[in-house]
Amino acid sequence: MIKILANDGIDPAGKALLEAAGFFIDTVNIPQDELPARLNEYDAITVRSATKVRKALLDACPNIKLVGRGGVGVDNIDVDYAKEKGVAVFNTPASSSLSVAELVFGHLFTGVRFLYESNRRMPAEGNTKFNDLKKAYAKGIELRGKTIGILGFGRIGREVAKVAIGLGMDVLAYDLFPFNPEVELTLGGGIQVKASVKVATKEEVITQSDFISLHVPFTDKPVLGAEELAQVKKGVGLVNCSRGGTIDELALIDALNSGKVGFAGLDVFDNEPTPREEILKHPKISLTPHIGAATNEAQERIGVELANLIIGYFNK
Ligand SMILES: O=C(O)[C@H](O)COP(=O)(O)O
């Protein structure tokens, strides 16, 4: 019987599919430092972003034939090395796009109406300072009619564009690779509407947007560093639900302190799982702990997609 360790968990729907296909699924969470000694009992491992599958672990566990990433980013897996060794690597790139896009708008609505700050201050000061706080947060703005710039126009960027268009926003989109600017929205009642984003350069996105959302993988250079943050519109709102390191956090803190950036919504951080204190405590940053894909719906789709990939691989 094929034994699979789902080290960061797997949705019950995915587990049920694998069990029905005759696989044994172990959902125990083995700590990272114990994996080299224990993973070799299994034929495959599935992970989210918490467990790292690096070269040393693959070398220590030659029985592993497959690494399944329940999610998009594979930066926690040494993919090229795994493939060199004949270990299959699968991820589930399509299943979580909508959930990530909705979280982007959670951060945007939070930012334009100061929810992050008023939720911190009201419990502490509300009874004595209610009217002061009412005044402090009186200058909210609407999203409708504003321009959102999307850096990275893959699956998630496209979902962000659809929500934005549905809200009446203008969309500037940039990607390293050519893309189709047409998107198809599914509105309530199943109504389908076609719309287009404006294809832009990175510079146009940076200089012309009221809000910027990042949907890019991690590379060694931030997409928004000090140089780029110096060029944004004053008061821009930034959202990062992609990967830590794609915005230079220290430059972001400076830009928030100077007022150049109005607010930031961050789901990802340089030092996960221990983001720096200046980020955690900053009054102009709305925080979530890397939960872009953490919805019931996305996790179910991910579990099912991953299960089918694993079944297809071992039954081929
Ligand atoms: O790459 C992804 O799919 C997201 O960042 C979600 O990561 P998670 O599975 O650890 O929540």
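Some ground rules. This is a predicted model, where local features need pLDDT of at least 70 and side-chain atom pairs count only at pLDDT 80 or more, while totals for chains, interfaces and linings use all residues. Residues are numbered from 1 along each chain as its sequence is written, and side-chain values use heavy atoms, with hydrogens and water left out.

Let's start with the layout. Domain 1 takes in 3-95 plus 296-315. Domain 2 runs over 97-287. Those bounds come from an automatic or database domain assignment. The C-alpha centres of the two domains are 31 Å apart.

Next, the UniProt record. An unreviewed entry lists residues 8-314 as "domain: D-isomer specific 2-hydroxyacid dehydrogenase catalytic". Positions follow the numbering used here, feature names are shortened, and annotations may be inferred rather than shown by experiment.

What do those two stretches look like? Residues 8-314 are 39% helix and 18% strand, with end C-alpha atoms 21 Å apart. Residues 106-292 are 35% helix and 21% strand, and there the end C-alpha atoms are 10 Å apart. Helices (H or I, at least four residues) and strands (E, at least two) are DSSP runs, numbered from the N terminus.

Now the interface. How many residues of domain 1 are in contact with domain 2? Eight, and they meet four residues of domain 2. Contact means heavy atoms within 4.5 Å. The domains bury about 530 Å² between them, 42% of it on carbon and sulfur atoms. Buried area is the accessible area (1.4 Å probe) that two parts lose on being put together, summed over both. On the domain 1 side, Asp75, Pro93 and Ala94 lose the most area, together 52% of what that side buries.

Asp75 comes up again. Its side chain meets that of Arg243 in a salt bridge, at 3.0 Å, N to O. The rule is a side-chain nitrogen of Lys or Arg within 4 Å of a carboxyl oxygen of Asp or Glu. One salt bridge is found across this interface.

Finally, the whole model. The salt bridge count comes to 17. Lys3 and Glu41 form one, at 4.0 Å, N to O. Lys3 sits in strand 1 (residues 3-6) and Glu41 in the loop between helix 2 (35-38) and strand 3 (44-47), so this pair ties together parts 38 residues apart in sequence.
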